[in-house]
Amino acid sequence: MNWLLSRLIPCWLLMAVARGDSSHVVINEIMYHPPGDLDLLQFIELYNPGKAECDLSGWGITKGVKVVFPKPTKLAPGGFLLVVRDRAAFGGHYGKELPIAGEFVGNLSHNGERIELSDAEGKVIETVKYADAAPWPMAADGHSSSVERICPFSPADEASNWAASNIPDLETPAGTPGRANDSFSANPPPVIGGVILTPAMPRPAQATIVEALVTDGDGVKAVEMTYQVATAGSLAEPLSLAMKRVSGDANKGRYRATLPAQPAGRLVRYRFRAIDAAGTARNSPEANDLRGAWSYSTFTNDNTSKVPFGFILRPGSAPLRGKPRGFGAPIQKTTRGRDAFVYLPAGGGEVHLFDFIQAPRRKGGYKVRFLKDQTLRGMTSINIVFEDSPRYALSEALSYELYRLAGVPAEMTEHIRLWVDGECRGYHLLVEQPNKSFLARNDRNTNGNLYKLIWYGEGVIGKHEKKSNQTNGHDDLIAAINGLKNLSGGDQWAFIQQHFNVEEFINYFAVNMCIQNWDGFHNNFFIYHDTEGTGLWEIYPWDEDKTWGDYDGASPRYDWYKLPLSFGMDGDQRPDSLGGPAAGNSFRGWWRAPGFFSGPLLANPQFRERFLVRLRQVCATIFTEEKVFPLINAMESRLEKEVPIRAQSNHEDTAQAVARFHSDMQSFRDQVTYRRKFVLDELDKLKR
C-alpha cells in the first residue's frame, strides 16, 4: 500500500481489514540506542492489535538482528512480546515479569537499519526501516526514548507513523516495553510537514509568512500555530493563530499564517497543531521531540570585528550564574536543552541559530551541546572558556595550532566575543570537544574507546575517564599499559609498533617538548583505541593552558626555557632538593613522574631515537620564528581591540589589561626563540 493511499483510506477500514486477519502482528516499538551506549538494553516489541490469538512458533526477526521464536509462542489479542539483546540486563532495568520470546543475535545499529518480521515459512510479514535522523525522532538516538509506532493499522514503513516515547528529564533508558505506547492512537493523526518560511531568514521589522503541508485521510478539521517571542533571559506568553488553507483540499492542503514583525535580536519559536475530522490531533514538533519548536531569529550580522560573536540565550530561565561542576562531580545529563546559541561570523555573513541546545556552566566558562542535525562546522559540542589567567586563552589556541602543523589531530579553536543573556562577557576561547564528531572530522572510526586522562583519579582506571562505550570496561587500556610495562627492548618495540600510532605519539611528544607542556605527558590528554579500524592507540592534546613557560609558581615573565629532554620518560630523575635549582629552574611547580604512556614509550630505545629525530625536525621546520611569529602576530592583531572590550565588560583597568596582553604575546615569541635554542643545544649535546 503506497503512502498516499494509506493516508486517504479511513482508519476504520484499515482496522476492519486488519482485524479480519488472525495473524496480524506488528513491530510496535524499537529501542535501538539506549543512552550511555547501554546497548545490552536494546529491544524490539511486537504487538497483536487483532481479536484473535496468534501462534508465532517458528516466527522470528530475520533481518537487522536474528532470533527464532520457540514452540510454543503465543501472542494474545492486545498482547505484547519482546525480543531483547540481553535478558538479564533487560530484566534488571525494566523488570523480569515482561514477556520475552528470546534474545536476538547481533545488535541494532545506532545509525538505522531494516528490521524484518517473518513467519514460520519465511514469509516477510512486516518491514521497518528506522533511521537516526529526521523525519525519524532524534530523541530515540541515545537520548532515552524508544521509537514507538503510533497507529498499529497504519503502515510500518512510514516515519510519520512513529514517534519517540515519553522522554525523561534526565537521561535514562525509557520506552514502554510490555504496555501501550505513549504515542498510541487508534486513528492515524494528521501528518504535518513541508514547513516554509517567507522570507527564509526574516529580518527585523519584517512580517513572516509560515506555511505547512497537512495531510489526513479523515480530512483536516483545523490547523493552529502557537508562537512565543524570546529575548535575553525572557520568554513571552504563547500566542495562537488560526492557519488558513491556501491550496489543496481537506485531505491534503497547504496552510498559512503570518507572524508579526519583530525587533532585532529576537528569537521566535512556533509550533503547529492539526486536528482531523475524527478528532485525532498531532503537534509538530511532537511532544517528545528534542527540538521543542520550530524557530528563527531576527539577529543581524553587523559584526565588523576580527572575531566572531556568540550569544547564549536562556529564554525564561534563571541567569547562567552559580558554581560550575567541580572536579570529579557526577554529571547529570539532561535529555533536552532549552537554551539557544546564535553565532555571527567575523566580518559579516549568515547568522547561525542553534535552538534547544544545552549551555551549562563549566569551569571557566560554558559548554555548548548542539543537536546532531545542526552543528557548528561539524562540531557537536564546544567549550567557551576564559579561565583564571588571560594568558591561558592565548596559549591554548597557539598550542593547538602547533599540534595541527605537526600532524597531530587537534581540536578546532578560535576566539569569540561572547554575550550571555544579553550581557557582554568579552572575548573567550572556543574549543572543540573531543568526541565522536571530532573523530569523524579527523577521518577516524567513531566506534572505539575514548579515554580522558585526569589528575584527580585513583589508579589506572580512576585516572582514565572513559568517554565512549562506557559499559565495556577498561580491559583494552589495562592490556596496553601492562604490555608497555612488562616488556622491554625489541619485544617492547614490536608491541609498540603493533598497537600504537607511533608517528602520532612522536609528533605529540615533540610538540609537548617544544611548548614545555609539562602537564601533558602524564595528564590532560585524550587517548583513543580504534578497536574496529586500525586497532591502534592514538593521542589527542587537551587543556593547554599552562604551557609556553607557564607552570604553577612560574615567573610572571614566563622566562622558563629549560624543561629537560628527559622529562616524561621512565628514568627521568626528580631534582635533588625541594625548591633547589634543576637545570636553572625550581621544579616545585612543574616536575611530574612519568606518565602511563609517556614513561615506557619515551624510554624505549627505538621509539626515543625516532622521537629525538622528529624533535629536531619540528625545531627546524615548525617551531621556528619564521613559522610561529606570524601566528602570534595574527592572534595579536585579531584580539588587540577585544582586550579593552573585555576589560570594560568585567570592570577591569583597561590600560593594565592591554599592557598585560602585549606582554603575554611577547612571552610567546621569547619562548620560540629561547626554548628552541635550548632544545637544539640539548640535542647537539646528545650527539657528542
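This is a predicted model: local features need pLDDT of at least 70, side-chain atom pairs count only at pLDDT 80 or more; totals for chains, interfaces and linings use all residues.
The protein has 688 residues, of which 55% are buried. Its secondary structure amounts to 14 helices and 36 strands. Taken along the principal axes, the C-alpha atoms fill a box of roughly 90 × 65 × 35 Å. If contacts are limited to residues at least 6 apart in sequence, 66% of them join residues at least 24 apart.

Helix 3, residues 87–94, shows how burial can be arranged around a helix. Phe90, Gly91 and Tyr94 are its buried residues. Viewed down the axis of helix 3, the buried residues fall within an arc of 95 degrees, so they line one face of the helix. The face turned away from that buried side carries Ala88 and Gly92, which are exposed. Among the elements that cover the buried residues of helix 3 are strand 1 (26–31), strand 2 (43–47), strand 7 (80–84) and strand 8 (100–103).

Helix 9 takes part in two of the helix pairs described here, one with helix 4 and one with helix 11. Helix 4 spans residues 390–405, and its axis comes within 9 Å of the axis of helix 9, with a crossing of roughly 140 degrees. Helix 4 and helix 9 are therefore oblique to each other; an angle has to be over 145 degrees to count as roughly antiparallel. The crossing of this pair is right-handed. On the helix 4 side the contact involves Ser399, Leu402 and Tyr403, and on the helix 9 side Tyr508, Val511, Asn512 and Ile515. Sorted by class, the contact of helix 4 with helix 9 has five nonpolar and two polar residues, with no charged ones.

The second pair joins helix 9 (residues 502–515) to helix 11 (residues 605–621), where the axes come within 9 Å and cross at roughly 55 degrees. That angle makes helix 9 oblique to helix 11. The crossing of helix 9 and helix 11 is right-handed. Helix 9 contributes Val502, Phe505, Ile506, Asn507, Phe509, Ala510, Met513 and Cys514 to the contact, while helix 11 contributes Phe607, Arg610, Phe611, Arg614, Leu615, Val618 and Cys619. By class, the contact of helix 9 with helix 11 comprises 12 nonpolar, one polar and two charged residues.

Another pair is formed by helix 13 (residues 642–649) and helix 14 (residues 654–687), which pack at an angle of about 140 degrees with their axes 9 Å apart. Helix 13 and helix 14 are therefore oblique to each other. Their crossing is right-handed. Val643, Pro644, Ala647 and Gln648 of helix 13 meet Thr654, Ala657, Val658 and Phe661 of helix 14. The contact of helix 13 with helix 14 has six nonpolar residues, two polar ones and no charged ones.

The remaining features lie in loops. Glu387 sits in the loop between strand 28 (381–385) and helix 4. With a relative accessibility of 13%, Glu387 counts as buried, because the cut-off for burial is under 20%. Apart from neighbours within four places in sequence, Glu387 is in contact with Arg362, Lys363, Gly364, Tyr392, Glu396, Asp543 and Asp545. Glu387 is also 15 Å from Asp552, C-alpha to C-alpha, across a sequence separation of 165 residues.

Asp543, one of the contacts of Glu387, belongs to the loop between strand 34 (537–541) and strand 35 (581–582). Phi of Asp543 is positive, near 55 degrees, in a residue other than glycine. Asp543 has a relative accessible area of 23% and is partly exposed. Asn469 likewise is not a glycine and has a positive phi, of about 45 degrees. Asn469 is placed in the loop between strand 32 (464–466) and helix 7 (475–486), and at 15% relative accessible area this residue is buried.

Two cis peptide bonds complete the account. One runs from Ala134 to Pro135, with omega near 15 degrees, and Pro135 lies in the loop between strand 10 (124–129) and strand 11 (147–149). The other runs from Ser284 to Pro285, with omega near 0 degrees. Pro285 is in the loop that links strand 21 (281–284) and strand 22 (294–297).

Key. Residues are numbered from 1 along each chain as its sequence is written. Side-chain values use heavy atoms; hydrogens and water are left out. Axes are lines fitted to C-alpha atoms, for helices over the stretch in contact, and angles run from 0 to 180 degrees between N-to-C directions. Helices (H or I, at least four residues) and strands (E, at least two) are DSSP runs, numbered from the N terminus. Angles under 35 degrees count as roughly parallel, over 145 as roughly antiparallel, 65 to 115 as roughly perpendicular and the rest as oblique. A crossing is left-handed if the near helix is turned anticlockwise from the far one by less than a right angle, and right-handed if clockwise. Contact means heavy atoms within 4.5 Å. Ala, Val, Leu, Ile, Met, Phe, Trp, Tyr, Cys and Pro count as nonpolar, Asp, Glu, Lys and Arg as charged, and the others, Gly among them, as polar. Buried means under 20% relative accessible area, exposed over 50%, partly exposed in between (1.4 Å probe, protein chains only). The arc is that of the directions from the helix axis to the C-beta atoms.
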